[in-house]
Amino acid sequence: MTAIGIYGSAGRMGRAIATIAGDESASVAGGADAGEDPFPLARDAEVLVDFSTPAALESHLAAAVAAGTPMVIGTTGLSPTHHALIDRAAESIAVLQTGNTSLGVTLLNILVQEAAQRLGPEWDIEIVEMHHRHKVDAPSGTALLLGDAAAKGRGTTLNEERVDGRAGLVGARTEGTIGFSSLRGGTVVGDHLVVFAGEGERIELGHRGEDRSIFARGAVKAALWLAGKPAGRYGMAEVLGL
Ligand SMILES: NC(=O)C1=CN([C@@H]2O[C@H](COP(=O)(O)OP(=O)(O)OC[C@H]3O[C@@H](n4cnc5c(N)ncnc54)[C@H](OP(=O)(O)O)[C@@H]3O)[C@@H](O)[C@H]2O)C=CC1
Ligand SMILES: O=C(O)C1=N[C@H](C(=O)O)C[C@H](O)C1
């Protein structure tokens, strides 16, 4: 049994992870939420998972590094500064950060990279996502993950090509850009559609999350896989052997 510590344990994902941990031969070392000291949990756990808020990431990483405890980061809405902090932490502990821990999206990511590479920049890429009414960040972490894969496939970077939520007289589309549109409402767990639009035809690759347990199961699998790994930054495709 590997003991998992959960940052954001009272939230939707934290509760889903605690429910599923036993099925995956893991136990829960405990949880820490807003206003609680993250250091004791980092010392008590063999591996940490963070599904909380970007504002807490720096202190969670500091606790994980101080305790030498590996950490899975599922929190989305991260900035370039957060990614730099993750890179720094990965010099001393094992870290896995991903916008989506599900098997389906991890495979979709590979398919999107391949399609973008084969089709080239003449095929416009638009990414549409829909989530429940409580989600606070946009575009979703998954949409950005898929956009990153598409950009990699084309041999470029998302920073250079990203266009968020058009509105007003924005002008015609620039070739090579990757557009993002976000919908929010109801109880949608997480839908993502990557549209490749060409001359007279479209290809659509997508994923629909039907239950939050898909993310929870992936997060626990990632945590078990990460426990005991040497320092470094890892990804979900390695965990799932894809
Ligand atoms: N990578 C993936 O596969 C997935 C990622 N996510 C991401 O995970 C994150 C959490 O999602 P979700 O569970 O739906 O959100 P919730 O809002 O339900 O849960 C977040 C939890 O984090 C807590 N929290 C806030 N501040 C801190 C802090 N400083 N330290 C520890 N905990 C804190 C919140 O407490 P309080 O309410 O008191 O503020 C809350 O309990 C989001 O960024 C979401 O996008 C979600 C699903 C899948
Ligand atoms: O906030 C959520 O709920 C989800 N967040 C992740 C994201 O931002 O992509 C993953 C999943 O889509 C659910």
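These legends accompany close-up views of a predicted model with two ligands.

**View A. The shell around ligand 1.**
Ligand 1 is surrounded by 23 residues. R12, M13, T76, T101 and K135 are the closest of these. By class, the shell holds 7 nonpolar, 12 polar and 4 charged residues. The space that ligand 1 takes is the second largest pocket. Two elements, α1 (12-21) and α3 (54-67), each give two or more residues to this shell.

On its own, ligand 1 has 920 Å² of accessible area, and the protein covers 73% of that.

**View C. The shell around ligand 2.**
Ligand 2 has 13 residues around it. The closest are H131, H132, K135, G141 and T142. The shell divides into 2 nonpolar, 9 polar and 2 charged residues. The space taken by ligand 2 is the second largest pocket, and the space taken by ligand 1 is likewise described as the second largest pocket.

**View D. Polar contacts of ligand 2.**
The side chains shown are those of T76, H131 and K135. A polar side-chain atom of H131 lies 2.5 Å from an oxygen atom of ligand 2. In K135, a polar side-chain atom lies 2.7 Å from an oxygen atom of the ligand. For T76, the distance from a polar side-chain atom to an oxygen atom of ligand 2 is 3.4 Å. Of the 320 Å² of accessible area that ligand 2 has on its own, the protein covers 85%.

Domain 1 comprises 2-101 + 213-239, and domain 2 comprises 103-209. Ligand 2 lies between the two domains, because both give residues to its shell.

**View G. A cis peptide bond at P139.**
The peptide bond from A138 to P139 is cis. Its omega is near -10 degrees. P139 is placed in the loop between β6 (124-131) and α6 (141-153).

**View H. A positive phi at S25.**
S25 is not a glycine, yet its phi is positive, at about 60 degrees. The residue S25 lies in the loop between α1 and β2 (26-32).

Methods
Residues are numbered from 1 along each chain as its sequence is written. Chains are lettered from A and ligands numbered from 1 in the order in which they are written. This is a predicted model: local features need pLDDT of at least 70, side-chain atom pairs count only at pLDDT 80 or more; totals for chains, interfaces and linings use all residues. Side-chain values use heavy atoms; hydrogens and water are left out. A residue is near a molecule or strand if one of its heavy atoms lies within 4 Å of it. Accessible areas come from the Shrake-Rupley method with a 1.4 Å probe; for residues, only the protein chains shown count as cover. On a 1 Å grid over the protein atoms alone, a cavity is a set of points where a 1.4 Å probe fits but cannot get out, and a pocket is an open set with protein on both sides within 12 Å along at least five of seven lines; lining residues have an atom within 4 Å of a point. A molecule sits in a cavity or pocket if more than half of its atoms lie within 2 Å of its grid points. Helices (H or I, at least four residues) and strands (E, at least two) are DSSP runs, numbered from the N terminus. Ala, Val, Leu, Ile, Met, Phe, Trp, Tyr, Cys and Pro count as nonpolar, Asp, Glu, Lys and Arg as charged, and the others, Gly among them, as polar. A polar contact is a pair of N or O atoms within 3.5 Å; within protein, one must be able to donate a hydrogen and the other to accept it, and residues adjacent in sequence count only if both atoms are side-chain atoms. Domain bounds come from an automatic or database domain assignment.
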